[in-house]
Amino acid sequence: LNAVFAQLLLEMQPGFFATDRFDERNGPVTDAALQWVNENIAEPLSVRAVANHLHLSESRLSHVFKNDMHISVYQYILQKKLICANQKINQGIPPMQAAAQCGFQDYSGFYRIYKKMFGVSPSKQCSSII
């Protein structure tokens, strides 16, 4: 189920994540959070970092973001980073390098959540491209 969801996210990516739903349905807090996350995706991001940048409490940001996006800030950041890494792997960048370029500091943690989301290990994804 996670692999199907991940594939759906990838297929929707040009129309969905490219704009990240910047529209009138989102409030200014969510739009600012989306923009900042997208601009800093290669950095080690956290809910605290986003909230600090926006001068909000973590709980306020989490509440507003979840109401607008129907996903937690943490899950959004994680999925965005995984999609970033997957795209880099599909472009031929080695998995360890792709993980680092997308802000993952721990390859073993990246490996575990990548496999959980996409249903294959990053190295298998890489070898299926060749």
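**Reading the model**

Me: Does His 70 count as buried or exposed?

Reply: His 70 counts as exposed, because its relative accessibility is 61%. Buried means under 20% relative accessible area, exposed means over 50%, and partly exposed is in between, with a 1.4 Å probe and protein chains only. This is a predicted model, in which local features need pLDDT of at least 70 and side-chain atom pairs count only at pLDDT 80 or more, while totals for chains, interfaces and linings use all residues. Residues are numbered from 1 along each chain as its sequence is written, and side-chain values use heavy atoms, leaving out hydrogens and water.

Me: What is there to note about the phi of His 70?

Reply: Start with the general rule: most residues other than glycine have a negative phi. His 70 has a positive phi, near 60°, and is not a glycine. His 70 sits in the loop between α4 and α5. His 55 is another non-glycine residue with a positive phi, about 60°. His 55 lies in the loop between α3 and α4, and it counts as exposed at 72% relative accessibility.

Me: How many helices and strands does the chain have?

Reply: Helices (H or I, at least four residues) and strands (E, at least two) are DSSP runs, numbered from the N terminus. Here the chain has 8 helices and 0 strands, so the pattern along the sequence reads α-α-α-α-α-α-α-α.

Me: What share of the residues is buried?

Reply: Of the chain's 130 residues, 45% count as buried. As a general idea, nonpolar side chains tend to be buried together in soluble globular proteins.

Me: Which residues touch the most other members of the largest nonpolar core?

Reply: A nonpolar core is a set of buried Ala, Val, Leu, Ile, Met, Phe, Trp, Tyr and Cys residues joined through side-chain atoms within 4.5 Å. The largest one has 17 residues, and Val 37, Val 50, Leu 61, Phe 65 and Tyr 76 touch the most other members. At least two residues of this core come from each of α2 (28–39), α3 (47–54), α4 (58–69) and α5 (73–90). A second, separate core has 15 residues, including Leu 78, Ala 85, Phe 104 and Tyr 114.

Me: What does Leu 78 touch, apart from residues up to four places away in sequence?

Reply: Contact means heavy atoms within 4.5 Å. On that basis Leu 78, in helix α5, touches Phe 104 and Ile 113, leaving out residues up to four places away. Leu 78 is buried, because its relative accessible area is 15%.

Me: Which residues does Val 64 contact, leaving aside neighbours within four places in sequence?

Reply: Val 64 is in contact with Val 29 and Thr 30, once those neighbours are set aside. Val 64 belongs to helix α4 and counts as buried at 13% relative accessibility. Val 64 and Thr 30 are 34 residues apart in sequence, yet their C-alpha atoms are 6.9 Å apart in space.

Me: How are contacts counted over the whole chain?

Reply: Consider the contacts with a separation of 6 or more: residues 24 or more positions apart account for 57% of them.
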